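This briefing describes the fold of one chain and its contact with a neighbouring chain. Please consult the sequence and structure shown here alongside the text.

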Amino acid sequence: MTTLIRFLSRNKPLVGLIVLMAAVAVMSPSFLTVDNLLNILRQTSINAVIAVGMTYVILSGGIDLSVGSVLAFCGAVCAWLVAGDLSIWLAIPLSLLLGAGLGAVNGIVIGTGGVQPFVATLVAMTMLRGATLVFTDGRPITTGTGAAADAFWSVGGGYLLGIPVPVVVAAVVFAVCGLVLTRTRFGRYTYAVGGNEVVARLSGIRVNLEKTTIYALSGLLAALAGVILTARLESAQPTAGAGYELDAIAAVVVGGTSLSGGKGTLFGTLVGALIIGVLNNALNLMDVSSYYQMIAKGAVILLAVLADSRKSS
Amino acid sequence: MAEGVMEPQSGFLLDLQGVGKGFNGVTVLDGVDFRLRAGEVMALIGENGAGKSTLMRIITGIVQPDSASAMTFRGQSVKFTAPRHAIDAGIAMIHQELNLLPHLSVADNIWLGREPRNRLGLIDRGRMRREAKALLERLRQTIDPDRPVGSLSVGQQQMVEIARALSLNAELIIMDEPTDALTDVETAVLFEVIRSLRADGKGIVYISHRLGEIFALCDSVTVLRDGHMVHRGAVADLDEAALIRHMVGRSITDQYPYLPCPAGPERLAVEDLSAEGVNGVSFTAAGGEILGFAGLMGAGRTKLGKAIFGASRLRAGSVRVDGAEVRLRHPRDGVAAGIAYVPEDRKAEGLIQAHSIRTNMSLAALTQLCGPGGVVRQGDERTAVDRFMAAFSVKAHGIGAEVRTLSGGNQQKISLAKALMLSPKVVILDEPTRGVDVGARREIYGLINDLKAKGLCILLMSSDMPELLGLSDRILVMAGGRITGRFGRDEATQEKIMACAIA
């Protein structure tokens, strides 16, 4: 019992999530149903996958504003490949590789080029949005009706053992990236670079290489989110993912990770993403207009961050 | 201690009596008297850490003294609780690191925050320019007031600082190592300006390590040592040897345990090494030897240490470890070659303050603690960290404790352990006892001697002279990025080292 209390006192966001879910369950009887909960998870999965990469980036002391544009660009390329009836076993890896490559460019501009992460990824965000509009000619790319397209749809809309595929994907991403972050040298170095870059360098860490890898990971996961979104909609929208970077950052911050780097957990990000997902769902169930939803969402983020800053001071 | 009878308080521009100040229980200034007259150039000298900068920070209102001490300025009793008060009273300080905004013009910098306004409330640029020009002419400078400060030489920038001080109607101007970055010609110009300020009745406090300048320029001198004022008098009554004696005259106690070791084979050979702040340095060091590096602040010791480790770009020269040449482009190369560097600044360079003891200690050696796929073998890591925690008797609430919660001595032990986890051949210790209390110092000296006994080659860079003399087998003295003196243990004295350090 005392260990449970200690665990909860160290995981305030989790307490917040539980309280939020209890409150919503009381107010809306349709909230605590299997269908609705799976629905929340599916809706959260895209933001969650992006937020995993964002966690790495923020832990390393950076920020990645380009994820929404990477999502759109890689989603469009993937849709185009699938529409050309390329096997999804090729189309998806190629799209992910593209995302990793775009992220790596961010990392090189930031590390070797010495450009501030905010600026570098803002530039990438703008340029890639433009590139997406050029590539799609401003129109959605549908995946068509080929054999590849059918297989592709299941990535977004299918079920695995009764669980939506995007949820399974997000769960695997969290598990793998969580282990990498806590158990491997790369994870330790990510914390070290964000904790103090000078110390990291003097400890023999190739800081620029680390950053390149971290932003590549963020790009790869943004591309994965793009693939899932495209598959679900059976088409790539040129404006897809706009504003997603802010949702991902919100999930990371609500999860207790410090924007100044070096401190935070992926578990916190998972909880943060779920808080935002539950909140969206609850406000929909209660028929709150989307205008008020934005205000409510902002207020919850502020509350979470205030509670967190109280803890650290 | 201070000679002379109590002088009457009147007649002094600045008169401080019995100033005391401590930080975190360490006394930095103890009962210091400091006074000078209008039209007097007073030298303030002392070793690093003697308390000079703290004294100046008290005079300029940046810090407040602890003990009830009387301070009068221009005949009035004053108490500065903020820098603003001192500036308003007429005290200006020109810091070693100049406080100018490089992208703004000379006139903008001089009038920053006090720009003259015209009737419309807008900045009167014409007046700013005119008055800036007049001030600079008083200093016999022909600098265009519209030029951005960043385009001026360091000497000219200093003149802009002095002009700003004059524009504030400063009666007392404090200069901290003003000639450090100046050429000989610029120094001569500066001296002339200082003499004309003296003729105008300004008081000048001149802080410098360069004894030659003090004899050339100053009227009187105040010497601080370990927070005490140990001498005050006219410069004319002293010679250089006497001044050095006043500065360093401490006695060495047995708190520095020397460990005689048979000289091992040569482990480190540095030849003609040049890097930023390091000019053509050559030396060798053997296993089981402590090679001390003496020098004043900015002499190039830290830069040398970093260059040997690979943390700064080498311009020329070579480094060999156990006979094999090392290519140094990144600290990683130093680590791979068996060179460990323990930085002077634990907060900024040594340890990640907000992270745990465990992750800090294992950070540099992590590769050796990883299995396939870069997975950290956490059991091995724990064992290694626990071993050092016990061997160094670190006091902490477990290895998960954040480093910032530890005392300076314990942090230094973690920093040392972090370097030793690499099983290095050469260890570079940069100010290993800075900010470490006396008890923990003794422990750290013991640890250093243990490494020596194990046949490691140790480079000890320290501004603490007794420590250096007490522990080292040989001592090299640095000044201006070069080695200016080499002494064996038996021939080294504080006076000889100081003479080389200010050469």
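**Hairpin and neighbouring strand**

Strands β9(B) and β10(B), the latter comprising residues 228–234 of chain B, pair in the antiparallel sense over six bridges. Two strands count as paired if DSSP finds at least two bridges between them. Helices (H or I, at least four residues) and strands (E, at least two) are DSSP runs, numbered from the N terminus. The model is predicted: local features need pLDDT of at least 70, side-chain atom pairs count only at pLDDT 80 or more, and totals for chains, interfaces and linings use all residues. Residues are numbered from 1 along each chain as its sequence is written, while chains are lettered from A and ligands numbered from 1 in the order in which they are written.

- Within this pair, Thr222(B) stands opposite Arg232(B) of β10(B).
- The two strands β9(B) and β10(B) form a hairpin with two residues between them, and Asp226(B) in the turn has a positive phi of about 50 degrees.
- Strand β9 (residues 220–225) of chain B is also joined to strand β3 (residues 41–45) of chain B, by four bridges in the parallel sense.
- In β9(B), Val223(B) is the bridge partner of Ile45(B).

**Overall form of chain B**

- The secondary structure of chain B amounts to 17 helices and 20 strands.
- A compact globule of 503 residues would have a radius of gyration near 23 Å, and the 25 Å of chain B agrees with this; the radius is taken over C-alpha atoms, and the globule rule is 2.2 Å times the number of residues to the power 0.38.
- The C-alpha trace of chain B spans about 75 × 55 × 45 Å along its principal axes.

**Four-stranded sheet**

- Strands of chain B in the order β12-β11-β14-β15 form an open sheet of four strands with antiparallel pairing.
- At the edges stand β12 (278–286) and β15 (324–325) of chain B, each with a single partner strand, so one side of each is left without a neighbour in the sheet.
- Strand β11 (residues 266–275) of chain B runs antiparallel to β12(B) and is joined to it by six bridges.
- Leu273(B) has Val281(B) as its bridge partner in β12(B).

**Six-stranded sheet**

- A further open sheet of chain B has six strands in the order β16-β17-β18-β13-β19-β20, with mixed pairing.
- Its edges are β16 (339–342) and β20 (482–488) of chain B; each has a single partner strand, so one side of each is left without a neighbour in the sheet.
- Strand β13 (residues 289–295) of chain B runs parallel to strand β18 (residues 457–461) of chain B, with five bridges joining them.
- In β18(B), Leu460(B) is the bridge partner of Gly292(B).

**Helix packing**

- Helix α8 (residues 240–248) and helix α17 (residues 494–501), both of chain B, pack at an angle of about 110 degrees with their axes 10 Å apart; axes are lines fitted to C-alpha atoms, for helices over the stretch in contact, and angles run from 0 to 180 degrees between N-to-C directions.
- That makes α8(B) roughly perpendicular to α17(B), a term for angles of 65 to 115 degrees.
- The contact joins Ile244(B), Arg245(B), Met247(B) and Val248(B) of α8(B) with Gln494(B), Glu495(B), Met498(B) and Ala499(B) of α17(B); residues are in contact if their C-beta atoms, placed from the backbone, lie within 7 Å.

**Contact with chain A**

- In chain B, 24 residues are in contact with 18 residues of chain A.
- On the side of chain B that touches chain A, α10 (331–336) and α11 (346–350) of chain B are the elements that give two or more residues.

Methods. Angles under 35 degrees count as roughly parallel, over 145 as roughly antiparallel, 65 to 115 as roughly perpendicular and the rest as oblique. Two residues are in contact if their C-beta atoms, placed from the backbone, lie within 7 Å.
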